[in-house]
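Good morning, and thank you for making time for this presentation. I would ask you to keep the sequence and the structure in view while I speak.

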Amino acid sequence: MGIEVVVEGLTKSFGKQNIWQDVSLTLPAGEVSVMLGPSGTGKTVFLKSIIGLLKPERGRVLINGVDMVNSPERDIMETRKLFGLMFQDGALFGSMSLFDNIAFPLREHTRKKESEIRRIVMERIDIVGLLGAEGKLPGEISGGMRKRAGLARALVLDPQIILCDEPDSGLDPVRTAYLSQLLIDLNAQIDATMLIVTHNLDIAATVPDNMGMLFCRNLVTFGPREVLLTSDVPVVSQFLSGRREGPIGMSEEKDAATLAAEQLNDSAHDHGSGPRTVVPQLEPSPGMPVRQAVRRRRERVLGMMGQLPEAARTAIMNSYAPAAGGARP
């Protein structure tokens, strides 16, 4: 089973530019979480800070008692072995076959025999649906296949925490849908804790157990997916609906005068949008194991119902009602 990741008061700057400040959240063990945010809000920086590749100025990231910000480098390096990291572009070596790309971490970090490496690599290639392509070079395959190869490589060391940096970038909607299903199937098979950074609304709406959003140097919210998907916080509503009206501008947040003018216009033209419906979360493909995270999450979320907004509570009760034969849990 995956490992809980606790982030406390994390603050990161580059020079005088503050990227985000005082970010606190917990990634529940074995669950799938998504971090949303407009481009340039420091989502990738957040991933790199969790794994200890970047050092925030303040705060802690606790994994199995090790602080990825402040612990000795030796402990950080050892804990980093628990991670699998899927980069935006797959980050594959162009001169190596897919097989050798995926085998690279095993050859670099273990003393396994080639026969054992081959068994592990072919197993992971099968999981991501690339059987038959293992001899090809990255330049000979599609972007979607490169993504899946990058995911296979992230899996070879049996990670308990998987970080995916914009796995959908450069993919068309159909390939993104396949990738979304693959991520859910993967969680069902290995029960790892997963954090996906994205600004893709289809992934956000259908994949995660939990969702957060970074904007304007702050964590706007983080919690069960229903909280963000039903949120009436202006920046969340704007992002999820893809509207121009709201705090997010083309280059950065809008100034107060622009926002005030938009709000006047909004009240004069009531959009009548009402509360958003929460689409069902993806389930594992037929033949896959049951996701263990579902049961754990249900107990956790039902235990925190009193702290959640009414719209989120309603969405949660509606999602759980069929599971109990129409009765409320």
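Please bear in mind throughout that the model is predicted.

I begin with the cores. In soluble globular proteins, nonpolar side chains tend to be buried together. Here the largest nonpolar core comprises 48 residues. Which of them have the most contacts inside that core? They are Leu36, Val121, Ile196 and Met213.

I turn now to the aromatic rings. The count of aromatic pairs is 2, and I shall describe one of them, Trp20 with Phe46. A pair of aromatic rings is described by the distance of the centres and the angle of the planes. For Trp20 and Phe46 the centres are 5.7 Å apart and the planes stand at 80°, so the pair is edge-to-face; the cut-off for that class is over 60 degrees. Because Trp20 belongs to strand S2, residues 17–27, and Phe46 to helix H1, the pair ties together parts that are 26 residues apart in sequence. Are these two residues buried or exposed? Trp20 counts as buried, at 0% relative accessibility, and Phe46 is buried as well, with a relative accessible area of 0%.

Next, helix H12, which covers residues 310–320. Its buried residues are Ala312, Ala315, Ile316, Met317 and Tyr320. What do they pack against? Their partners are helix H8, residues 225–229, and helix H11, residues 292–303.

Finally, the cavity. There is 1 cavity of 30 Å³ or more, and the largest cavity holds about 40 Å³ of space. Two or more lining residues come from helix H1, residues 43–50, and likewise from strand S6, residues 83–86. H1 gives the most to this lining, with 3 residues. The lining consists of Thr44, Leu47, Lys48, Leu85, Met86, Phe87 and Asp165. By class, 4 of these are nonpolar, 1 is polar and 2 are charged.

Helix H1 thus returns in this account: Phe46 of the aromatic pair lies in H1, and H1 contributes 3 residues to the cavity lining. Thank you.

Methods
Residues numbered from 1 in each chain as written. Predicted model: local features only at pLDDT ≥ 70, side-chain atom pairs only at ≥ 80, totals over all residues. Heavy atoms only, no water. 1 Å grid on protein atoms, 1.4 Å probe; cavity = no way out; pocket = protein on both sides within 12 Å on 5 of 7 lines; lining within 4 Å. Points joined across faces, edges and corners; volume = space filled by probe spheres on them. Helix = DSSP H or I, 4+ residues; strand = E, 2+ residues; numbered from the N terminus. Nonpolar A, V, L, I, M, F, W, Y, C, P; charged D, E, K, R; others polar. Core = buried A, V, L, I, M, F, W, Y, C linked by side-chain atoms within 4.5 Å. Buried < 20%, exposed > 50% of the residue type's maximum accessible area, 1.4 Å probe, protein only. Phe/Tyr/Trp six-rings, centres within 6.5 Å; stacked < 30°, edge-to-face > 60°. Contact = heavy atoms within 4.5 Å.
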